[in-house]
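Here is a short briefing on a sheet and on contacts between aromatic rings. Please look over the structure first.

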Amino acid sequence: VYAAPGLPRPVDLSMRSKTAALYGLPTIVDYEHLASRRFADLYVWMTSGRRAKSALSWIRSTHRVPRERRIFDLLATRWVVTGPTGADLPLALTPRWSDGHYQVLENEQALPRAFFVPEAAVVADPEARLRTLTSLEHDARQLALLESLPADGFLGRPGGRGQATIASSRSEELVVQVEATEEGFLFVSDQHYPGWVATVNGEPAPIVRANHAFRLVRVPAGPSTVAFQYRPWSVRAGAVISLATLAGLVAWGAHRRRSRVS
């Protein structure tokens with residue numbers, strides 16, 4: 001979902017920036033969005049054709065309309081909420097609903113949130129990578145762009161085909177079913193962000209950053225289940241500290257009881 005800038009004023013509180021998060025709807029922008037630097041870079045490029053120079057560039061870009069259609073599609077942005085005309089959007093979108101104040105437009109070219117990709121290629125330079133992503137010659141469903149060679153050196157094989165279906169999606173877990181004719185990759189247009197881990201058919205699998213800001217996981221030929229879970233080290237560290245503190249309090253209490261008895 002994308003709520004376009006310039007919505008009619010006064011804006012109904014139900015259409016404020018946090019509406020999507022409040023109702024559990026995925027959105028490509030949020031004024032408290034936990035955006036990585038690379039996601040901010042990608043978003044600024046989509047709206048201005050330039051890389052983000054600072055956090056302020058990212059904040060300003062959230063109030064600009066998208067200009068780069070290829071990145072807008074890669075973000076899996078299917079639904080757009082805008083004013084009665086949608087004239088500010090330089091994109092060809094299909095009107096689906098309107099009440100005279102707001103209208104909902106559909107981006108029929110939006111790519112799926114998760115899809116199979118047969119090959120990957122290394123494009124180390126960030127600007128070259130962003131330019132390739134916006135190029136009409138580039139097909140994101142056939143080639144994923146990486147920052148560096150994966151640890152296992154695997155870059156896929158040409159000609160593979162596959163389908164990906166999201167089996168379940170929650171705030172801290174995503175499960176995708178994949179069926180592929182050849183070994184390749186699952187691409188997910190969720191941010192590559194610290195703390196996320198993945199398994200393929202129950203076995204740990206590395207998550208590679210692809211297409212500048214997103215996730216890519218190697219998958220085998222045939223059926224597979226890819227599960228992403230949010231398991232940041234800070235939560236584990238907090239649990240250890242909490243347990244250690246609790247154990248210390250129990251020991252201190254026991255010591256005081258023994259002291260009183262004696």
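The points below cover the sheet, the aromatic pairs and the charges over rings.

The model is predicted: local features need pLDDT of at least 70, side-chain atom pairs count only at pLDDT 80 or more, and totals for chains, interfaces and linings use all residues. Residues are numbered from 1 along each chain as its sequence is written, and side-chain values use heavy atoms, without hydrogens and water.

**Sheet**
- Five strands make an open, antiparallel sheet in the order E8-E9-E15-E11-E12.
- Strands are DSSP runs (E, at least two residues), numbered from the N terminus; two of them pair if DSSP finds at least two bridges between them.
- Strand E8 (162-170) and strand E12 (203-205) are the edges, each pairing on one side only.
- Eight bridges join E9 (residues 173-180) to E15 (residues 222-230).
- Glu179 has Pro223 in E15 as its bridge partner.

**Aromatic pairs**
- Rings of Phe, Tyr and Trp (its six-membered ring) pair with centres within 6.5 Å; planes under 30 degrees apart are stacked, over 60 edge-to-face, the rest tilted.
- The count comes to six aromatic pairs.
- Phe115 and Phe187 form a tilted pair, 5.0 Å centre to centre with 45° between the planes.
- Phe115 lies in strand E5 and Phe187 in strand E10, 72 residues apart.
- Phe187 is buried at 0% relative accessible area (buried is under 20%, exposed over 50%, partly exposed in between; 1.4 Å probe, protein chains only).
- Ring pairs link Phe39, Tyr43, Phe115, Phe187 and Phe214 into a cluster.

**Charges over rings**
- A charge counts if NZ of Lys or CZ of Arg is within 6 Å of the ring centre and within 35 degrees of the ring normal.
- Arg218 lies over the face of Phe154, 3.9 Å from the ring centre.
- Arg215 lies over the face of Phe228, at 5.4 Å.

Notes:
Helix = DSSP H or I, 4+ residues; strand = E, 2+ residues; numbered from the N terminus.
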